[in-house]
Amino acid sequence: LESLDASGFPLRKTHIEVCLKPHKDVHDHQFKLDFMLEMNDKFKEVWLFENEPVNINLIEKHCPTTQFVFIDTNHSGKEEIGAHHPSIKDFK
């Protein structure tokens, strides 16, 4: 939460629930896909703010109604995202 707050994420302005991987050995892409599948079952509108194109592309295949905002910071460089996704440099 401190890291999100320092990056300008609006923690104080809205209800926030932070969900983290249960263990560091869980792969990021699988955790995020499973979580987003669950969120898409629960909510009519789901947004993902993500800095890793690999995760965006995977989740987009399985959750086509999810809205994405690419956080254009450090990432693996393994994949690119489509130009149709909006991008930001930070939350400020």
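Tutor: Two strands count as paired if DSSP finds at least two bridges between them. Keep that rule in mind as we look at this model, which is a predicted one.

Student: How do you know that strand 2 and strand 3 are paired?

Tutor: Two bridges join strand 2 to strand 3. The rule asks for at least two, so this pair qualifies. The two strands run parallel, and Ile 71 stands opposite Ile 88 in strand 3.

Student: What makes strand 1 and strand 3 edge strands?

Tutor: Three strands form an open sheet in the order 1-2-3, with parallel pairing. Strand 1 (47–50) and strand 3 (87–88) each pair on one side only, and that puts them at the edges.

Student: Why is Glu 50 called buried?

Tutor: Buried means under 20% relative accessible area. Glu 50 has 3%, so it counts as buried.

Student: And what makes Glu 50 and Lys 32 a salt bridge?

Tutor: A side-chain nitrogen of Lys or Arg must lie within 4 Å of a carboxyl oxygen of Asp or Glu. In this pair the closest N and O atoms are 2.8 Å apart, so the test is passed. Lys 32 sits in helix 2 and Glu 50 in strand 1, so the bridge ties together parts 18 residues apart in sequence.

Student: Why is Lys 32 called partly exposed?

Tutor: Partly exposed covers values between the 20% cut-off for buried and the 50% cut-off for exposed. Lys 32 has a relative accessible area of 25%, so it belongs there.

Student: How many salt bridges does the structure hold?

Tutor: There are four. Another one of them joins Glu 38 and Lys 42, at 3.7 Å from N to O. Both residues lie in helix 2, four residues apart, about one turn of the helix.

Student: Are Glu 38 and Lys 42 exposed or partly exposed?

Tutor: Exposed means over 50%. Lys 42 has 55%, so it is exposed. Glu 38 has 41%, so it is partly exposed.

Student: How do you know that Asp 72 and Lys 89 form a salt bridge?

Tutor: Their closest N and O atoms are 3.2 Å apart, which is within 4 Å, so the pair counts. This bridge links distant parts of the chain: Asp 72 is in the loop between strand 2 and strand 3, while Lys 89 is in the segment after strand 3, 17 residues away. At 29%, Asp 72 counts as partly exposed, whereas Lys 89, at 58%, is exposed.

Student: Which residues make up the largest nonpolar core?

Tutor: It has eleven residues, including Leu 33, Met 36, Leu 48, Ile 59 and Phe 68. Helix 2 (28–42), helix 3 (53–62) and strand 2 (67–71) each give two or more residues to it, with the largest share, three, coming from helix 2. Leaving aside neighbours within four places in sequence, the contacts of Leu 48 include Met 36, Ile 59 and Phe 68.

Student: Why is Leu 1 called exposed?

Tutor: Its relative accessibility is 64%, and the cut-off is over 50%, so Leu 1 counts as exposed. Leu 1 lies in the segment before helix 1 (2–6). Together with Val 18 and Leu 20, Leu 1 forms a nonpolar patch on the surface, with about 340 Å² of accessible area for the three together.

Methods
Residues numbered from 1 in each chain as written. Predicted model: local features only at pLDDT ≥ 70, side-chain atom pairs only at ≥ 80, totals over all residues. Heavy atoms only, no water. Core = buried A, V, L, I, M, F, W, Y, C linked by side-chain atoms within 4.5 Å. Buried < 20%, exposed > 50% of the residue type's maximum accessible area, 1.4 Å probe, protein only. Contact = heavy atoms within 4.5 Å. Patch = residues over 30% accessible without salt bridge, like charges linked within 9 Å, V, L, I, M, F, W, Y side chains within 5 Å. Areas by Shrake-Rupley, 256 points an atom, 1.4 Å probe, with all protein chains shown as cover.
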